[in-house]
Amino acid sequence: MNTIICHIPESLENNIIRFVYLLRVEGLRIGNSEVIDALQALQLVPLDEREKVKTSLKVTLIKKAADYGLFESTFDLFFTSPEIREGLRKLRQEKVEEQTKQLKEAGEVLSFRGEKMNLSEVEKTVYSYMPEKEKKRLMDFLEMNESRDTLQRDYRPFLESLVKGRLRFWHKQLHQEIEKDKVSPDLGDEDLNSIRDAAAGSGQGGSAILTEDMQHIARKDLPRATALIRKMARLLVTRISRRFRHSKRRRALDLRSTIRFSIQYGGVPFRLRYKSRRVKKPRLLLLCDVSGSMIRYAGFVLQFIYGLNTAVQRIESFVFSENLERVTPYFQQGQSFESTMAAVVKESDVWGGGTSLHKALHTLLMKYEDELTRNTIIIIVSDTRTIRHQEALIELQRPKGKVKEILWLNTLPLDEWDNYSTVTAFQKLANMFPCNTLADLERVMSRKLLAG
Amino acid sequence: MGKVLADVFETELIRLQCYEGLDENKSLYEWNYQKQLLKIQIDKKSGSTGQLETDLFSPDYLLERPLLKAIQADRKVVLLIDEVDKSDDEFEAFLFEVLSDFQVSVPELGTIRARHIPIVILTSNSERELSDGLKRRCVYLYLDFPGIEREIEIIRARVPEAGERLTAEIARAVNYIRQNPEIRKKPSISETLDWTRTLVSLNRDRLESSDVDHTLNFLLKSRADQRVFREKIGSDSLVKNC
């Protein structure tokens, strides 16, 4: 499908390229050959028939069913009337002006002794979204400190970090609202900018759930998220079983067997016999953090474990917070996920506690040492926030040499990793991957885990 | 789809069923080893060995497998590569050459170019993600479950003996079951058709809850799904909603 494109009106060609650019900015992988295919397809359909044009673009540009939602919403916003486009442009302009104004105001208000505080744009934005009551409380706090004249000079950074801490708290609370209103970065094309803004505000079907922080997935979207997780688990299961099944492929000639078999043909090797290579299946050992801060993630991850357990026999599952607990038997009873989870939560002593990874690892090494073989892959799901992390590091060093690999799925968003010293520390001993969104989980499971 | 296309173009359908371990020998060509050995034995006895080496690697000793057959066909054929996700990564990479240049290389014979570029359909059940390279060479079409109206049309076309009321109720019931996120293996169209045929053979003209209970195994093929159905949907509620 790689002939030269001709006969396409230039404006259409430009439009398609801009449309593809927009899809690429949204994260879709579309190569040049797909664009050429799309342009070729458009030569074969009447351009005034919207549905045919849409289908042609969809089948040539999109190669993953999960991306259909994003394609549909982007298509509807991109190929629209000039009036609507103008409306979207105006809307963005107003939004940009409003947010600039809010940022300026927040910058001026959040000052100490006449000097502006050193706050990032995100922090200022969070302030502007805070409820009026909370804004006032923060201002009162600053004012109260302002009037104290006995304060030392280095009190300012301390005060600043207190304010930042408060803003961080509110960032977590208002995350969804802020993201929804966020003005997307300038793409150098006003039309594309406004379309991106509109797409972000409307949410984008399946992809939105995939890229949403698992902690923030709305209750109404849970069944869809669950279905996605099940699908991922099924994919992983088939890949594991496929990858590590004994090979039936003809690898090498089995000379001994061939000669023995050829005796019946007077020594002529009429039928060749082949040896097949045996490949061992890996043993998966899952350690899932179910401490208070991890509960929401743990729900998703246990869904995933449940999915795997229903199809793969050799998974040992543990949950931990202040100590470690083996939960494999719950998953082997063939109950529904709800009953399994209800049983785990009811029976578990560790559900929702604080995190002591060192103790959990210690118990693992003491009680379940037999599970740690050269063929074992340990998967830890945790946000790395644990007490006594130095001791946890020492404990983690012990299985490191015994097992095939230690994978760490970190539920902290990637851009927050630098803020926690524990992340850097554990990274030295385990292969750490972000696992904050379902898309992350999918990526880790489909590529990294199976590459080993 | 392959059959319909072959009918439309009035041509032959060549099918390659993929499975784990499928390789070039089974999909493209294989030398007829036994025939070659027999030829050697015969020539040894008759004493003529002159042209033997060239003869042994001629098309006479080549066993054509579906891909080579499709490429060497005298007319444009439809090539159905079914369930490509079940094959291995190596086989997928091998398909690149066939699908991009429509040619294959047989070391002893050289490159064989397609006489007529076949219409190729690859199907996948998404058991694994296909490589970008393979997808780049294809147009991608995701076939979701049909809506109620479409499924009614399908049942009418394939099981015309089913009454109007039964057809509509079955389509709505299957759609209702598919909506439940806890059902893992959602009933496919062919299972809908099997279920319809079963009910027709029981002389039913409408959906009754007792029939649903007795024939559920035509629709849901795992114990877990049947349990979810009984606990979360129930045959009475299904019949009421359809």
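How much area do chain A and chain B bury between them, and what percentage of it is on carbon and sulfur atoms? In this predicted model, the two chains bury about 3000 Å² between them, with 47% of that area on carbon and sulfur atoms.

## The two chains

Chain A has 452 residues, and 47% of them are buried. Its secondary structure consists of 19 helices and 10 strands. The accessible surface of chain A amounts to about 24200 Å², and carbon and sulfur atoms account for 51% of that surface. Among the contacts in chain A with a separation of 6 or more, 72% are between residues 24 or more positions apart.

Chain B has 242 residues, of which 44% count as buried. Its secondary structure consists of 13 helices and seven strands. The accessible surface of chain B amounts to about 13100 Å², with 49% belonging to carbon and sulfur atoms. Among the contacts in chain B with a separation of 6 or more, 72% are between residues 24 or more positions apart.

## The interface

The contact between the chains takes 33 residues from chain A and 32 residues from chain B. One salt bridge is found across the interface of chain A and chain B. In a salt bridge, the side chain of Arg29(A) meets that of Asp132(B), at 2.6 Å from N to O.

On the side of chain A that touches chain B, the elements giving two or more residues are α2 (32–42), α3 (50–61) and α11 (222–243) of chain A. Of the elements, α11(A) gives the most to this side, with seven residues. The residues of the side of chain A that touches chain B divide into 12 nonpolar, seven polar and 14 charged.

## Helix α2 of chain A

Helix α2(A) is largely enclosed by the rest of the structure, because nine of its 11 residues are buried. The buried residues of α2(A) include Glu34(A), Asp37(A), Leu39(A) and Gln40(A).

## Two buried positions

Val268(A) lies in the loop between α12 (255–262) and β4 (274–275) of chain A. With a relative accessibility of 17%, Val268(A) counts as buried, because the cut-off for buried is under 20% relative accessible area. Apart from its neighbours within four places in sequence, Val268(A) is in contact with Ser262(A), Leu37(B) and Gln41(B). Between Val268(A) and Thr258(A) the separation is 10 residues in sequence and 9.6 Å in space, C-alpha to C-alpha.

Gln36(B) is placed in helix α3 (residues 33–46) of chain B. Its relative accessibility is 9%, so Gln36(B) counts as buried. Not counting residues up to four places away in sequence, Gln36(B) touches Trp31(B), Leu56(B), Phe57(B) and Tyr61(B).

## Salt bridges within the chains

Side chains of opposite charge can pair when their charged atoms come close. Over all chains, the count comes to 34 salt bridges. One of them joins Glu134(A) with Arg137(A), the closest N and O atoms being 3.6 Å apart. Glu134(A) and Arg137(A) are separated by about one helical turn, because they are three residues apart in helix α7 (residues 132–146) of chain A. Glu134(A) is buried at 12% relative accessibility, whereas Arg137(A) is exposed, with a relative accessible area of 53%.

In chain B, the side chains of Arg65(B) and Glu30(B) form a salt bridge at 2.6 Å, N to O. This pair links distant parts of the chain, 35 residues apart: Arg65(B) is in the loop between β3 (62–64) and α5 (66–72) of chain B, and Glu30(B) is in strand β2 (residues 29–31) of chain B. Arg65(B) counts as partly exposed at 25% relative accessibility, while Glu30(B) counts as buried at 16%. Another salt bridge brings together the side chains of Asp74(B) and Arg115(B), at 3.1 Å from N to O. Asp74(B) lies in the loop between α5 and β4 (78–82) of chain B and Arg115(B) in the loop between β6 (110–113) and β7 (119–122) of chain B, so this pair ties together parts that are 41 residues apart in sequence. Asp74(B) is exposed, with a relative accessible area of 63%, and Arg115(B) is exposed, with 51%.

Technical notes:
Residues numbered from 1 in each chain as written. Chains lettered and ligands numbered in written order. Predicted model: local features only at pLDDT ≥ 70, side-chain atom pairs only at ≥ 80, totals over all residues. Heavy atoms only, no water. Helix = DSSP H or I, 4+ residues; strand = E, 2+ residues; numbered from the N terminus. Buried < 20%, exposed > 50% of the residue type's maximum accessible area, 1.4 Å probe, protein only. Contact = heavy atoms within 4.5 Å. Buried area = accessible area lost by both parts, 1.4 Å probe. Salt bridge = Lys/Arg side-chain N within 4 Å of Asp/Glu carboxyl O. Nonpolar A, V, L, I, M, F, W, Y, C, P; charged D, E, K, R; others polar. Areas by Shrake-Rupley, 256 points an atom, 1.4 Å probe, with all protein chains shown as cover.
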